[in-house]
Amino acid sequence: MQTDPHPGQTGQEAATATGLSKVYGEGETRVVALDQVTVSFRQAEFTAIMGPSGSGKSTLMHCMAGLDTVSGGSARIGEVELTKLKDKKLTQLRRDRVGFIFQAFNLLPTLNALENITLPMDIAGRKPDQEWLDKVISTVGLADRLKHRPNQLSGGQQQRVAVARALASKPHIIFGDEPTGNLDSRSGAEVLNFLRNSVRELGQTVVMVTHDPVAASYADRVIFLADGRVVDEMRDPNADRVLERMKNLDNRVR
Ligand code: ADP
């Protein structure tokens, strides 16, 4: 695990797409969702992916996380080329090296917070690294809530449990699909702060799809998609600049 406190200065890439294309359907229903996208996500960096609805954000994330097949080009997690992997190896890679956070928290209601956090590792028969787990739990700020079940936790706390679950196995990279989409702004801020801390303090790599400029402002870098292409990127974003850029993109495609 990379723990460089200066994200982006190592030059190490956690995931890379090269000339990545994804086409759905054929003939009249043919849609080019991704059009030769080339982009890298550096270790210990927090990246937001933004763009108008239908611009290819989810498709890019799914292809890079090995959740969907690609039509052309390549997608790598670390040194592993996903497009060359057979199903079983791909499932293994997703389980061992990739963490996911979705809009729905997907916690098991009968398990307490700690049991939810360690569940994927329990299923995989892997023993958690206790030192790491303690660090994750103290970063998540839920040490006094570990025995609580999901229905005894607020939305923001539940999503922090889901993020801790994604972090517990020390994945190479975490992908989030609108992770704060179901949260009010205060709970959303809790989760985004935790994600940012996991990058700063634990050296985690996080890539998050969002349509919310405020959420994107927590990232180190924003990638903008339009019509299946990367059209811009912004370092050290703030919400106003992101909003302004998004307005221009919306005008461009509508
Ligand atoms: P975003 O996440 O930016 O809203 P998506 O990646 O979901 O965009 O979609 C990109 C394009 O691909 C859209 O035109 C969408 O309609 C199309 N698309 C996505 N998934 C499918 C699918 N399973 N079958 C057909 N078209 C799809």
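## Ligand contacts

How far is an oxygen atom of the ligand from an N or O atom in the side chain of Ser58? In this predicted model, the separation is 2.8 Å. The protein buries 58% of the 560 Å² that the ligand exposes when taken alone.

An N or O atom in the Lys57 side chain lies 2.8 Å from a ligand oxygen atom.

## The shell around the ligand

Tyr24, Val31, Ala33 and Pro52 are among the residues around the ligand. The list also includes the run Ser53, Gly54, Ser55, Gly56, Lys57, Ser58 and Thr59. By class, six shell residues are polar, four are nonpolar and one is charged.

Two elements, strand E2 (31-42) and helix H1 (57-64), each supply at least two shell residues. Helix H1 gives the most, with three residues.

## Strand E7

Strand E7 covers residues 173-177. Five of its five residues are buried, so the strand is largely enclosed by the rest of the structure. The cut-off for buried is under 20% relative accessible area.

In a regular strand, side chains alternate between the two faces of the sheet. In E7, Ile173, Phe175 and Asp177 point one way. Ile174 and Gly176 point the other way. Residues on both sides are buried, Asp177 included.

E7 has a parallel partner in strand E6 (residues 98-101), with four bridges between them. In this pairing, Val98 stands opposite Ile173 of E7.

Strand E8 (residues 206-209) also pairs with E7 in the parallel sense, again over four bridges.

## Ala113

Ala113 belongs to helix H3, which spans residues 113-124. Is Ala113 buried or exposed? Its relative accessibility is 2%, so Ala113 counts as buried.

Ala143 is 30 residues from Ala113 along the chain. The C-alpha atoms of the two residues are separated by 9.7 Å.

Key: Residues are numbered from 1 along each chain as its sequence is written. This is a predicted model: local features need pLDDT of at least 70, side-chain atom pairs count only at pLDDT 80 or more; totals for chains, interfaces and linings use all residues. Side-chain values use heavy atoms; hydrogens and water are left out. A residue is near a molecule or strand if one of its heavy atoms lies within 4 Å of it. A polar contact is a pair of N or O atoms within 3.5 Å; within protein, one must be able to donate a hydrogen and the other to accept it, and residues adjacent in sequence count only if both atoms are side-chain atoms. Accessible areas come from the Shrake-Rupley method with a 1.4 Å probe; for residues, only the protein chains shown count as cover. Ala, Val, Leu, Ile, Met, Phe, Trp, Tyr, Cys and Pro count as nonpolar, Asp, Glu, Lys and Arg as charged, and the others, Gly among them, as polar. Buried means under 20% relative accessible area, exposed over 50%, partly exposed in between (1.4 Å probe, protein chains only). Two strands pair if DSSP finds at least two bridges between them.
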